[in-house]
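Student: I am new to this structure. Could you take me through it step by step?

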Amino acid sequence: MSDKFDRPETKPQRRYLIVGEPRCGGSMLAEALRLTGQAGVPLEYLNRRLIDAYAARTGFTEETLPLDNYISFLLRRRTTSNGVFVLKALVSQLVPFYRRGPAAVRFLRGFERIVLIHRRDKLAQAISYYRAIETDAWTSLDK
């Protein structure tokens, strides 16, 4: 969670959540939205890797990181100048995050729209998932 994607501080006016399963095209959609410069910086912020990276960036561990700090950072620094914040999440990330307490619940309930994405070709999805596990390359940016 480097400062590479940090934006100037902006208060979100509209909040969208993209939810899908692994290898369904959610990352491709999120990257396309990010490249418009008008749809926030939609990354998998509930992914433990990103939470750990933010904790390290701020001198915390994942266990000691105040959740309110993380959420506040996301809303302020990953919102585009037009006030749009977008979060991409896997279904498997939502429940563990929701269980982190009241701050997580408030954050997840604050989305105006939820976009559910799925992949019709389940065999291709399974093959893609297997390849990602074997290579640890989850997006084209990981290669």
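Student: Among contacts in the protein chain between residues at least 6 apart in sequence, what percentage join residues at least 24 apart?

Tutor: First, some ground rules: this is a predicted model, in which local features need pLDDT of at least 70, side-chain atom pairs count only at pLDDT 80 or more, and totals for chains, interfaces and linings use all residues. Residues are numbered from 1 along each chain as its sequence is written, and side-chain values use heavy atoms, with hydrogens and water left out. Contact means heavy atoms within 4.5 Å. Take the contacts between residues at least 6 apart in sequence; the share joining residues at least 24 apart is 77%.

Student: What percentage of the residues count as buried?

Tutor: Buried means under 20% relative accessible area, exposed means over 50%, and partly exposed is in between (1.4 Å probe, protein chains only). Of the 143 residues, the buried share is 39%.

Student: Which residues have the most contacts inside the largest nonpolar core?

Tutor: A nonpolar core is a set of buried Ala, Val, Leu, Ile, Met, Phe, Trp, Tyr and Cys residues joined through side-chain atoms within 4.5 Å. The largest one has 27 residues. Those with the most contacts inside it are Y45, Y70 and F107.

Student: Which element gives the largest share of this core?

Tutor: Two or more residues each come from strand 1 (14-20), helix 2 (48-57), helix 3 (67-77), strand 2 (84-90) and helix 5 (102-109). The largest share is six residues, and it comes from helix 3.

Student: Which elements do the buried residues of helix 3 pack against?

Tutor: The buried residues here are L67, Y70, I71, F73, L74 and L75. An α-helix has 3.6 residues a turn, so residues three or four places apart point the same way. The buried residues of helix 3 pack against strand 1, helix 2, strand 2, helix 4 and helix 5.

Student: Which residues does F107 contact, leaving aside neighbours within four places in sequence?

Tutor: F107 is buried in helix 5, along with A103, A104, V105 and L108. The buried residues of helix 5 pack against strand 1, helix 3, strand 2 and helix 4. F107 itself contacts R15, L46, I71, L74, L75, F85, L87 and F97.

Student: Is T80 buried or exposed?

Tutor: T80 lies in the loop between helix 3 and strand 2. Not counting residues up to four places away in sequence, T80 touches R7, T10, G37, Q38, A39 and G40. Its relative accessible area is 0%, so T80 is buried.

Student: Is R99 buried or exposed?

Tutor: R99 sits in the loop between helix 4 (91-98) and helix 5. Its relative accessible area is 69%, so R99 is exposed.

Student: What distance separates the C-alpha atoms of Y130 and R23?

Tutor: Y130 lies in helix 6 (residues 122-135). Y130 is exposed, because its relative accessible area is 52%. Y130 and R23 are 107 residues apart along the chain, and their C-alpha atoms are separated by 9.7 Å.

Student: What relative accessible area does V95 have?

Tutor: V95 lies in helix 4. V95 is partly exposed, because its relative accessible area is 42%.

Notes
Helices (H or I, at least four residues) and strands (E, at least two) are DSSP runs, numbered from the N terminus.
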